[in-house]
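My notes follow in the order in which I looked things up.

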Amino acid sequence: AADMKDEGKWGWVVGPEGLEGGCTYAADKSVCDLSTQIGLPLGTGNAGSFVAATDAKTGKPMYTNWEAGEPNDYRGSCPGSCATEGEDYAHFRWPSGEWNDFPGDHQQIDGYICEWGGVGQLCVDPKDASGQVEVTAGTCVEQKCKADRKDPCVADPYCEWKDNTTECVQKKCTEYMTEIQCDKIEDCHWNPSISPAMCVEKPCAKLKDEPTCEADSDCAWDKDRTKCVEKDCNKLEKCDCVEDEKCYWKVEQPPQGSCRKVTYGECPTLDVVMILDGSGSMSQNFGRHPHGFYALMEMVRDWVKTLLLSG
């Protein structure tokens, strides 16, 4: 699905749904010209105000599963053409299945699912696919957070209790089961302090308004994206740095310097030596890790990302 033809008007552009009403072919006659193509309407709207189109066959709204606040046609900095082209292509998060909009060249896109089978226009030829997966409707999967009472709900690290609706729901970010998946999501981070380690929502991302965000000394309000983010002392100029109690200005080669977290300034320079257990017990499963060495390396990676290591 895409909205590159008319911003905010989403519709299917490939497959049988994309070809409803015909196809405007590209110059080589091989595929539909996605810049002009619009097939079955999906809905309209941006910035979380999306309204699904009505399915002419059923009279019901078309199925959609946009992530909260999406689609938003983000035009800031991203590993792709957000700033110049915006976000005109729908993609879904794995494994949550929620939808988001991205530019077609975003570097966090891991792959594509293409529909073919003799009906409609192919988005790629089957021989170009790296793999095939047969999807069966009605497949049963485990449902998390089914507790109907608060105590057993909050005892599960994946779940939280909503007092206003008296229901147990899965915490945001916990659907990402590996560190690689987790690190690709801006508002999530891999927390190895929990045993076993898991993907959790960043503390600042939980603060949804500017006053609450600014009241937390570890957070800062990003006015461009209207969201709360973790304060990054490294990005502060000298004047702002010295005024912030969480940061300090480190003079490296006068008159140059850089802003650092106060936590790091309180730590003396030292060498870190790691001694790892080499016994047979390390080859056993450790939580979700296939053996203990993976778990230890996970901790080391977290230290490297958090501490100012020089070598």
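Entry 1, salt bridges. I started with Asp-163, which forms a salt bridge with Lys-150, the closest N and O atoms being 3.8 Å apart. Asp-163 sits in the loop between β6 (159–162) and β7, while Lys-150 belongs to helix α3 (residues 150–154), so this pair ties together parts 13 residues apart in sequence. I looked up the accessibility of both partners. Asp-163 is exposed, at a relative accessible area of 55%, and Lys-150 is partly exposed, at 41%. I note here that the model is predicted.

Next I took Glu-230, whose salt bridge partner is Lys-261, with 3.5 Å between the closest N and O atoms. This pair links distant parts of the chain, since Glu-230 is in strand β11 (residues 227–230) and Lys-261 is in strand β13 (residues 257–261), 31 residues apart. Glu-230 counts as partly exposed at 49% relative accessibility, and Lys-261 counts as partly exposed at 30%.

Asp-244 lies in the loop between α6 (238–243) and β12 (247–251), and Lys-231 in the loop between β11 and α6, 13 residues apart. Are these two side chains buried or exposed? Asp-244 is buried, with a relative accessible area of 15%. Lys-231 also counts as buried, at 16%.

I then asked which residues are linked in a network of salt bridges. They are Lys-172, Glu-186, Asp-187, Asp-222, Arg-225 and Lys-227. The structure holds 14 salt bridges.

I counted 9 disulfides. I looked up three of them.

Cys-78 is joined to Cys-82, with an S to S distance of 2.1 Å. The torsion about their S-S bond is about 100°, so I recorded this disulfide as right-handed. Cys-78 and Cys-82 are both buried.

Cys-173 pairs with Cys-188, the sulfur atoms being 2.0 Å apart. The torsion about this S-S bond is -75°, and the link is left-handed. Cys-173 lies in the loop between β7 and α4 and Cys-188 in strand β8 (residues 188–191), so the bond ties together parts 15 residues apart in sequence. Both Cys-173 and Cys-188 are buried.

Cys-204 and Cys-219 form a disulfide with their sulfur atoms 2.0 Å apart. Its S-S torsion is about -85°, so it is left-handed. The pair links distant parts of the chain: Cys-204 is in the loop between β9 (198–201) and α5 (210–215), and Cys-219 is in strand β10 (residues 219–222), 15 residues apart. Cys-204 and Cys-219 are both buried.

Cys-239 is exposed, with a relative accessible area of 59%.

Most residues other than glycine have a negative phi, and most peptide bonds are trans. I looked for departures from this. The peptide bond from Glu-70 to Pro-71 is cis, with omega near -5°. Pro-71 is in the loop between β3 (51–52) and α2 (82–85). Asp-73 is placed in the loop between β3 and α2, and its phi is positive, near 50°. Asp-73 is buried, at 12% relative accessible area. I returned to Cys-173, where phi is near 85°, again a positive value in a residue other than glycine. Its relative accessibility is 0%.

I found a nonpolar patch made of Val-272, Met-274, Leu-276, Phe-293, Met-297 and Trp-303, with about 520 Å² of accessible area together. Val-272 lies in the loop between α7 (262–265) and α8 (292–306) and counts as exposed, at 57%. The protein exposes about 20700 Å², of which carbon and sulfur atoms supply 53%.

I listed 8 helices and 13 strands. Of the 311 residues, 27% count as buried. The mean pLDDT is 77, and 73% of the residues reach 70 or more. Over residues 117–131 pLDDT stays under 50, and the model has 18 contacts beyond four places in sequence for them.

Definitions and conventions
Residues are numbered from 1 along each chain as its sequence is written. This is a predicted model: local features need pLDDT of at least 70, side-chain atom pairs count only at pLDDT 80 or more; totals for chains, interfaces and linings use all residues. Side-chain values use heavy atoms; hydrogens and water are left out. Helices (H or I, at least four residues) and strands (E, at least two) are DSSP runs, numbered from the N terminus. Buried means under 20% relative accessible area, exposed over 50%, partly exposed in between (1.4 Å probe, protein chains only). Patches are made of residues with over 30% relative accessible area and no salt bridge: like charges are joined within 9 Å, nonpolar side chains (Val, Leu, Ile, Met, Phe, Trp, Tyr) within 5 Å. Accessible areas come from the Shrake-Rupley method with a 1.4 Å probe; for residues, only the protein chains shown count as cover. A salt bridge is a side-chain nitrogen of Lys or Arg within 4 Å of a carboxyl oxygen of Asp or Glu. A disulfide is a pair of cysteine sulfur atoms within 2.5 Å. pLDDT is the predictor's confidence in each residue, from 0 to 100. Contact means heavy atoms within 4.5 Å.
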